[in-house]
Amino acid sequence: MDWNGLILFGVLATSLVASGVIFLLAESRVMLRSVFNLAAAVLKLVLVGWIILGVYRNVDYELRFTIIEGVDFILRADALGIMFVGLSSLLWLFTTIYAIGYLEKAPNRSRFFGFFSLCVASTVGIALAGNLFTFLLFYELLTLSTYPLVVHRGTRESLRAGQVYLYYTLGGGALLLFGVVALHVLVGDTEFVPGGSLSGLDPSLYPLLIGIFLMMVIGLGVKAALFPLHAWLPMAMVAPAPVSALLHAVAVVKAGAFGIARLVYDVYGVEFAQSLGLLAPLAVAASITIIYGSLRALAQDDLKKRLAFSTVSQVSYIVLGISLFGPVGSIGGLMHLLHQGLMKITLFFCAGNYAETLGVHKISELDGAGARMPATSVAFTLGAFGMIGIPPMAGFISKWYLGIGALEAQMNWVLGVLILSSLLNAAYFLPILYRIWFRKRDRLWCEGKVLGRFETQGSLLIPTLATAAFALAAGVLAGMPFSPLYWADLIVSREYLQ
Amino acid sequence: MIGLWSVPLLFALPLALGILSLLVVPAWRPRLIFVGLPLLAAASLDVLAGLATAGPQVYRLGDWIAPLGINLVVDGLAVGMILMTTLVATLCALYARVYLRDHPPASSFFWPLLWFLWAGMNGIWLAEDIFNLYVGLEVMGLAAVGMVALRATPQALAAAMRYLLAALLGSLAYLLGVALLYAAYGTLSMAGLHEAATNNATTQVALALIILGLLLKTALFPLHAWLPPAHGGALTPVSALLSALVIKASFYILLRLWLVLGPEVTPELTAQLLGVLGAGAVFYGGWMAWRQHHLKQLVAYSTVAQIGYLFLFFPLVTNTSPEAARLAWDGTLMMLVAHALAKAALFLSAGNLILAVGSPQISHLVGISRFRPMSLFSFGLAGVSLMGLPPSGGFTAKWLLLHSAILSGQWWWLIVLFLGGLLSAAYIFKVFRMSFREGPQIDRSVTPPLTLDVVALVLAASAILIGLFAHLPLHWLRMGSVLGMG
């Protein structure tokens, strides 16, 4: 095994080893656990940074061994995969800090952080998977490792949510498995290559390929929360805030969206998928989800629920971008994978801060929160502006590229969807901002916790501000090297120039 | 010849230990494992080394030629089963040594029965003629019945009696079939039968009897009724041994005889029928497992369901392409081995959970995840393999079977694999759901001895690992198989 393969393995191993060690640590070893957790997160980030530079210089990172004849386990870092790994490892670090503060004195922390690390390991595995088999392996592992996080509180409601989560994800996983096996029968080991590996097949197989695509998109769409497969997501809101943040920004929904990107770009190939006529229906499904999610978000009074439906809507921007045939649309979609992650995790952190510090869960109780918690509220505002797509926030750049991409792909109606959805985004975010900043609180805040110097615990505030800063920087500095835009451009040029 | 001493040792040694353990005082009986287990492990590894260097071979006991002497077949399949038995039985024995300290009367009889069971199983894996298969089947079956009765409660005795009747009826049918074949062809050797057997009424009746007898012993739906009380009600290490290994022995005989006689003699209809019964087992067993309130009954019904997957082998190898048949062979054996490891782990960890909460009721597991994470973790790992989720032996097996079903165009088996996986997820997560519910804040559970948890974890981890490194075991299992595949 060469050095590059080892580094790749190291990225996966940091969270796997962290998970194993944390499971074995006694519940009371808080300090040791936190140090270990953070050390693993930082180490992973360093390794990922190293690989990003390597991928930029076209270095090959690959690790493979044979599982059974004709089926290999492959880890490989390409531009698309490492982008997702970068997002997960960055946000893992912040979410870990946040979770350590959030769960202070809560029970079952050993179990929580163990599965938390396992969840990140699966996400990294999904991102680095070099073929469909390896992808599937980690995709299912993600289902298993998130279940204990969703039901973490152990209340009747969270167990119910966990059950619904399993119905959806295990069912979707089984469909995906069929698709993967069927492709395996047709073309052998389906490695991810830009431009896909199916276009050489006999035209008589095309109907079959369309069927397989449909099955796999349903399997992936469950995690990506495509309408009508989204119902588990708002229910899973009962989980603790760091879990929601991770689930929404990086782990589960992104795994689905990322899987669709892999399927379209590196299995079918975007041009072949277009010639099979698969992209237009996908765009329609994504558009319906965008509008539907926004409409449902309008009706929620629970802050986390509103954010959840907003996720349903926003993740479909990624799918929409993928399904717009043409480089600009693709850039918009892939870039949004990063942008949405940064913005949404900020919003969830803020929601957690309000809930933990002020005991506020409902939007109608947020009046005057800005005066009490200015820093959190600024972060929330930045995130919300990004979601609406107000320049110069990151969300604006995504929508701009998506819009131009739609025109290029001669799907002008998508422009209407984008405008309508931006209006809806404004309609459900601006009232919250109005309440936070311009309304006065008529009662005292009921504050349970003793706080430090800041408006809330430092371990809750710092990650929130950091991710908000990243979301802002991704928009303002979009033209700089290694910005999300820059990297998405790199991926797309490698895909379309095949 | 390589493995000269180790092949006969594989069944002579447990037999000798069984007799010896009856002669020594009860306190000494458990200690015999410190002699027996290393020797058996060494013999198994030696046989594997022999296979790897010299390839499959036929071993003549005492160097006598076939009709007079006994031939033993040492091919990949046999060696694979021997290794599986050694691994699972060794770990179960280590578990039992600690577990049975609280059951002194049962302990004194467990050890002789274990050795006889082991001798019977190793005899079956190695036998080359259908009569010695019968002898092995009887030795193993009687030892197994005795083990079920060890608990000595009225329910255990009733279950054992039921098991005894089923086992005897099964052996009887099998023996009748053997007698018919011997009368018709004058040979008991499988190689001889492979050459001599023709498609006539006698062969068909004989084969029907043999299949029927073995189905009863394997507890294939709808002949499974004896299994849940016997496996679910027995002492924990016994449940693990029976579910992981014993039912596999009768399936193994079926597999061997099918390869020798089946393809020429039986119509495709029979193969499809066996597949349909397997599908019935998957659905019915999974459904019943989900409905159980006792943890070990749930695990026992899960065995009923998992047996069903093994029977998909028959339709997938009958009149299909060599590639589909090879995949079905690989998939079925992977399923068999993965189930042995995972089910033993599941029973042992279920036993640990029961020890911890002091009740077999699933509803009493409320909140146990906080206090006994390790037992639950083993249960979960084993569950992953049984659900067929990656990365695990169960997943690799399912992958191969799916592949084979698609290749042979028998899409209806896909549905069985699809729904079967979801059903097993339903009953595994039923346990998890209970254990994650927040219950009393005080730890009222008893900590089981560490050995018990470690043994279960080792078995569960091997069920996972074998799926990731399936390449090598499958390569060995394919060596010298009668289908001539690979």
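1. Basis. The model is predicted: local features need pLDDT of at least 70 and side-chain atom pairs count only at pLDDT 80 or more, while totals for chains, interfaces and linings use all residues. Residues are numbered from 1 along each chain as its sequence is written, and chains are lettered from A and ligands numbered from 1 in the order in which they are written.

2. Chain A, overall. Chain A contains 20 helices and two strands; helices (H or I, at least four residues) and strands (E, at least two) are DSSP runs, numbered from the N terminus. Its radius of gyration is 21 Å, close to the 23 Å from the globule rule for 498 residues, so chain A is as compact as a globular protein of that length. The radius is taken over C-alpha atoms, and the rule is 2.2 Å times the number of residues to the power 0.38. The C-alpha trace of chain A spans about 70 × 55 × 45 Å along its principal axes.

3. Chain A, packing. Of the 498 residues in chain A, 62% count as buried. A residue is buried if 20 or more other C-beta atoms lie within 10 Å of its own, exposed if 12 or fewer, and partly exposed in between, with C-beta atoms placed from the backbone. Among contacts in chain A with a separation of 6 or more, 80% join residues 24 or more positions apart; a contact means that the C-beta atoms, placed from the backbone, lie within 7 Å.

4. Chain B. This chain also has 20 helices and two strands. For its 486 residues the globule rule gives 23 Å, and the radius of gyration is 21 Å, close to that value, so chain B is as compact as a globular protein of that length. Buried residues make up 63% of the 486. Its C-alpha trace spans about 70 × 55 × 45 Å along the principal axes.

5. The contact between chains. On the chain B side, 28 residues are in contact with 26 residues of chain A. Helices H15 (368–371), H16 (373–387), H17 (393–407), H18 (412–436) and H20 (471–477) of chain B each supply at least two residues of that side. H18(B) gives the most, with eight residues. By class, the side of chain B that touches chain A has 19 nonpolar, five polar and four charged residues. Here Ala, Val, Leu, Ile, Met, Phe, Trp, Tyr, Cys and Pro count as nonpolar, Asp, Glu, Lys and Arg as charged, and the others, Gly among them, as polar.

6. A helix pair in chain A. The axes of H3 (residues 79–102) and H20 (residues 484–496) of chain A come within 9 Å and cross at roughly 155°. That makes H3(A) roughly antiparallel to H20(A), a term for angles over 145 degrees. A:Ala79, A:Leu80 and A:Met83 in H3(A) meet A:Trp487, A:Leu490, A:Ile491 and A:Arg494 in H20(A). These residues divide into six nonpolar, no polar and one charged.

7. Two loop residues. A:Pro391 lies in the loop between H16 (374–388) and H17 (394–408) of chain A. A:Pro391 counts as exposed, with 12 C-beta neighbours inside 10 Å. B:Ala152 is exposed, with 12 other C-beta atoms within 10 Å.

Note on methods. Contact = placed C-beta atoms within 7 Å. Axes fitted to C-alpha atoms, helices over the stretch in contact; angles between N-to-C directions. Parallel < 35°, antiparallel > 145°, perpendicular 65-115°, else oblique.
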